[in-house]
Amino acid sequence: MFFKFTTAGESHGKALVTIVEGLPAGMPVDKDAIDYELWRRQQGYGRGGRMKIESDKVEFLSGVRHGRTIGSPITMIIENRDFVHWQEVMSAEPLTAPSVDEPVVLENDGAPKVRRVVTRPRPGHADLAGGQKFAARDLRDILERASARETAARVAAGALAKQLLAQFGVDIKSHVIKLGSIPETPIEKTWEDISAIERDSPLACADKAVEAEMVALVDTAKAKGDTLGGIFEVVAKGVMPGLGSHTSWYEKLDGRIAQAFMSIQAVKAVELGTAVSNAGRFGSEVHDEIFHDGSGFTRSTNRAGGLEGGITNGEELRVRGYLKPISTLRKALHSVDIETKQEDLAAFERSDITAVPAAGVIGEAMLAIVLANSFREKFGGDSMEEMKRNFDSYRTSLEAY
Ligand code: EPS
């Protein structure tokens, strides 16, 4: 990995932390633009009460000086404002009574308090499998880290990746193309249509009439105590041909993108271009024919989503993420208490009805991170100037091809 990042932090812990390595020195850093991406991730009709508590912003601890990168690891923290309500539950101090089924006395103030122990795993969440794997008798040990709260830290890393890509003319956007059953087939929109989505749009959908139906569906799900999934599409514009490689399985950019998208909480399938419908068509109806307009190669269609042989082909990169419905339901599903082994309903605290628009913002971040890594791999350079020289030289050779 050339552009590396790691995140740390629990959903109701003190803060989320992101460490980003591999950016060249001298890259301008726009903190407001990072905070804007974090704000975007918090939006969307159908988010739960937690988003009214949080107001995500980064604070730099290292790696940025006077508005520019200096080549060293960049540390960003995002405060969890909800932590004030969870200080005892999430305390790092040892407990005086470790039994999971008794109220416990916490060492810091000595007062008896009930630990918010979770013993009824939610179907679809990491609770049970994680509990078995890590021998956790309190499933909070699992759910705190499995929570999609972690994605705020990814979006911060992705915002830095976007700022690197912007230096090379690459822009990334997303939109919601299906929410639950609406519409029947995912909507297809141009870059211009997606760019025209207003920042306060309820569901980041480029079709207002469809979006109104989606909003009504969220209301129905909410009334029933249920949840919804859907499909988002991320589009990267301005990516030149030649990122990734056909030469080995681990070099293939489509494989790397799929892994990055599948790692987003609740994403269960990834599609490049219109791959799902392509699978049911003749080859003559699918492959994007090649033309030349005198100055360069062109295509009149982009069903491949901008990748052939695991290499970018100069068309827009189009990646879709399929989200399962959120697995915390107010109308709780059947489960079993891990202590008593008695049948019971799954735990419910507070959750979202749906988070598909937020997942689109996270998808943008993950695509930006994968592309930033490919840019660093291909163009190298310790400073921004050196990287740009290498990039310009490649552009020149492409023009001559
Ligand atoms: C989540 C449950 C909810 C969501 C959370 C993801 O949190 P809470 O239990 O605090 O209400 O709001 O998402 C975020 C906090 C976030 O920032 O996206 C879960 O169980 O995955």
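# Colleague's note: backbone, sheet, salt bridges and surface

1. Ala135 is exposed, at 62% relative accessible area, which is over the 50% cut-off. Please keep in mind that this is a predicted model. Ala135 sits in the loop that runs from helix H3 (127-134) to helix H4 (140-146). Its phi is positive, near 55°, and Ala135 is not a glycine. Most residues other than glycine have a negative phi.

2. His66 is another non-glycine residue with a positive phi, here about 50°. Look for His66 between strand E4 (64-65) and strand E5 (68-69), in the loop. His66 counts as exposed because its relative accessible area is 71% and the cut-off is over 50%.

3. One peptide bond deserves a check. Most peptide bonds are trans. The bond from Ile182 to Pro183 is cis, and its omega is near -15°. Pro183 belongs to the loop between E9 and helix H6 (191-195).

4. Now the sheet. Four strands form an open sheet in the order E9-E10-E16-E11, and their pairing is antiparallel. Which strands stand at the edges? They are E9 (171-179) and E11 (267-272). Each has a single partner strand, so one side of each lacks a neighbour in the sheet. On average, neighbouring strands are turned by 20° against each other, direction ignored.

5. Strands of a sheet pair through backbone hydrogen bonds. E9 and E10 (residues 230-237) are joined by eight bridges in the antiparallel sense. Within this pair, Ser174 lies opposite Val234 of E10. Helix H8 (residues 253-262) packs on the sheet and touches E10, E11 and E16 (317-323). The directions of H8 and E11 make an angle of about 150°.

6. The salt-bridge count comes to 27. Glu364 takes part in a salt bridge with Arg40, with the closest N and O atoms 2.8 Å apart. Glu364 is in helix H10 (residues 356-379) and Arg40 is in helix H1 (residues 31-42), so the pair ties together parts 324 residues apart in sequence. Both Glu364 and Arg40 are buried.

7. Glu364 also meets Lys162 in a salt bridge, at 2.5 Å from N to O. This pair links helix H10 to helix H5 (residues 151-166), where Lys162 lies, across 202 residues.

8. Lys237 is in strand E10, while Glu316 is in the loop between strand E15 (311-312) and E16. They are 79 residues apart. Lys237 is partly exposed, at 32% relative accessibility. Glu316 is buried, at 18%. Elsewhere, salt bridges with shared partners join Arg41, Arg50, Glu54, Asp56, Asp82, Arg149 and Arg350 into one network.

9. Last, the surface. Ile290, Phe297 and Tyr401 make up a nonpolar patch there. Together they have about 430 Å² of accessible area. Tyr401 comes in the segment after helix H11 (384-399). Tyr401 counts as exposed because its relative accessibility is 74%, against a cut-off of over 50%.

Technical notes:
Residues are numbered from 1 along each chain as its sequence is written. This is a predicted model: local features need pLDDT of at least 70, side-chain atom pairs count only at pLDDT 80 or more; totals for chains, interfaces and linings use all residues. Side-chain values use heavy atoms; hydrogens and water are left out. Patches are made of residues with over 30% relative accessible area and no salt bridge: like charges are joined within 9 Å, nonpolar side chains (Val, Leu, Ile, Met, Phe, Trp, Tyr) within 5 Å. Accessible areas come from the Shrake-Rupley method with a 1.4 Å probe; for residues, only the protein chains shown count as cover. A salt bridge is a side-chain nitrogen of Lys or Arg within 4 Å of a carboxyl oxygen of Asp or Glu. Helices (H or I, at least four residues) and strands (E, at least two) are DSSP runs, numbered from the N terminus. Buried means under 20% relative accessible area, exposed over 50%, partly exposed in between (1.4 Å probe, protein chains only). Two strands pair if DSSP finds at least two bridges between them. Axes are lines fitted to C-alpha atoms, for helices over the stretch in contact, and angles run from 0 to 180 degrees between N-to-C directions. Contact means heavy atoms within 4.5 Å.
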